[in-house]
Amino acid sequence: MEVFIRKYNVFDIKNMVDIWNEIVNEGNSFPQNENLDFICGEKFFEQQTYCAVAEDSKTNEIMGLYILHPNNIGRCCHIANASYAVTKRMRGKGVGRALVIDSLVSASKYGFKVMQFNAVVVNNYRAIRLYKNLGFTQLGKIPNGFKLGDDTYEDIYLFYYDLQNLKCIDI
């Protein structure tokens, strides 16, 4: 498997929607609780600052994606936010790492100064390990900040990355 990250196109939307909905239905990392259909997905992805897909360059299979957008408006619009979705059977194979690194590069290209994650669920061990390995700073914890799919609550962490440190990442 060879991971290739590229800007999405209209032909990717069905696969992107399927992967996005897989994460939503797991109920343990995305705040959304409703699935996207093709039309809503097309509009949703189009509204982002940038979206990319992770493709297996040998099979052309879409293995994951990310969305990139401002974390806030006005005087805080220099702070980016991103969400990542990797299909379950491709997790633990470097796809997420490739997506995160590409999103940091893209965020910098779009003029963002910082990447911030508002709600990393504490039991998302792979993501937390990845963010720490890439040099993200953990800001704190919000008790019971995330409602899981089984209607229980879990703590969330906040993370940020100063995009001026981008040159420190092994790309």
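1. Where is Asn60 found? In this predicted model, Asn60 sits in the loop between S2 and S3. Its phi is near 65°, a positive value in a residue other than glycine. With a relative accessibility of 51%, Asn60 counts as exposed.

2. Other positive phi values deserve a look. Asn144, found in strand S6, has a phi near 55°, again positive in a residue other than glycine. In the hairpin of S6 and S7, five residues lie between the strands, and Asp151 takes a positive phi near 70°. Gly135, which follows H4, has a positive phi near 100°.

3. On strand pairing, S5 and S7 are antiparallel and share six bridges. Within this pairing, Val121 has Ile156 of S7 as its bridge partner. S6 and S7 also run antiparallel, joined by seven bridges. Gly140 stands opposite Leu158 in S7, and the bridge partner of Gln138 in S7 is Phe159.

4. The largest nonpolar core has 34 residues. The residues with the most contacts inside this core are Leu68, Tyr84, Met115, Phe117, Tyr131 and Phe136. Both strands and helices supply it: strand S2 (50-56), strand S3 (62-70), strand S4 (79-86), helix H3 (95-109), strand S5 (114-121), helix H4 (125-134) and strand S7 (153-162) each give two or more residues. H3 provides the largest share of this core, six residues. Apart from this core lies another, of 17 residues, including Met16, Val17, Leu36 and Cys51. As background, nonpolar side chains in soluble globular proteins tend to be buried together.

5. Which residues does Tyr84 contact, leaving aside its neighbours within four places in sequence? They are Phe30, Leu65, Tyr66, Leu99, Val100, Ser103, Met115, Phe117 and Tyr131.

6. Next, the aromatic residues. The count comes to 15 aromatic pairs. One of them joins Phe117 and Phe136, whose ring centres are 5.0 Å apart and whose planes meet at 20°, so the pair is stacked. Phe117 lies in strand S5, while Phe136 lies in the loop between H4 and strand S6 (137-147), so the pair ties together parts that are 19 residues apart in sequence. Phe117 is buried, with a relative accessible area of 4%, and Phe136 is buried too, at 6%. Both rings belong to one aromatic cluster, formed by Tyr50, Tyr66, Tyr84, Tyr110, Phe117, Tyr131, Phe136, Tyr157, Phe159 and Tyr161.

7. Is the buried side of H4 made of residues on the same side or on opposite sides of the helix? The buried residues of H4 are Ala127, Ile128, Leu130, Tyr131 and Leu134. They cover an arc of only 165° around the axis, which means that they are on the same side of H4. The cover over these buried residues includes S4, H3, S5 and S7. The face of H4 turned away from its buried side carries the exposed residues Tyr125 and Asn133.

8. Last, the cysteines. A disulfide is a covalent bond between the sulfur atoms of two cysteines. How many disulfides does the structure hold? The structure holds zero. Cys51 is in no disulfide, and the nearest cysteine sulfur, that of Cys40, is 15 Å away. At 2% relative accessibility, Cys51 counts as buried, and Cys51 is one of the residues of the 17-residue core.

9. Cys77 is partly exposed, with a relative accessible area of 40%.

Note on methods:
Residues are numbered from 1 along each chain as its sequence is written. This is a predicted model: local features need pLDDT of at least 70, side-chain atom pairs count only at pLDDT 80 or more; totals for chains, interfaces and linings use all residues. Side-chain values use heavy atoms; hydrogens and water are left out. A disulfide is a pair of cysteine sulfur atoms within 2.5 Å. Buried means under 20% relative accessible area, exposed over 50%, partly exposed in between (1.4 Å probe, protein chains only). A nonpolar core is a set of buried Ala, Val, Leu, Ile, Met, Phe, Trp, Tyr and Cys residues joined through side-chain atoms within 4.5 Å. Helices (H or I, at least four residues) and strands (E, at least two) are DSSP runs, numbered from the N terminus. Contact means heavy atoms within 4.5 Å. Rings of Phe, Tyr and Trp (its six-membered ring) pair if their centres lie within 6.5 Å; planes under 30 degrees apart count as stacked, over 60 as edge-to-face and the rest as tilted. Two strands pair if DSSP finds at least two bridges between them. The arc is that of the directions from the helix axis to the C-beta atoms.
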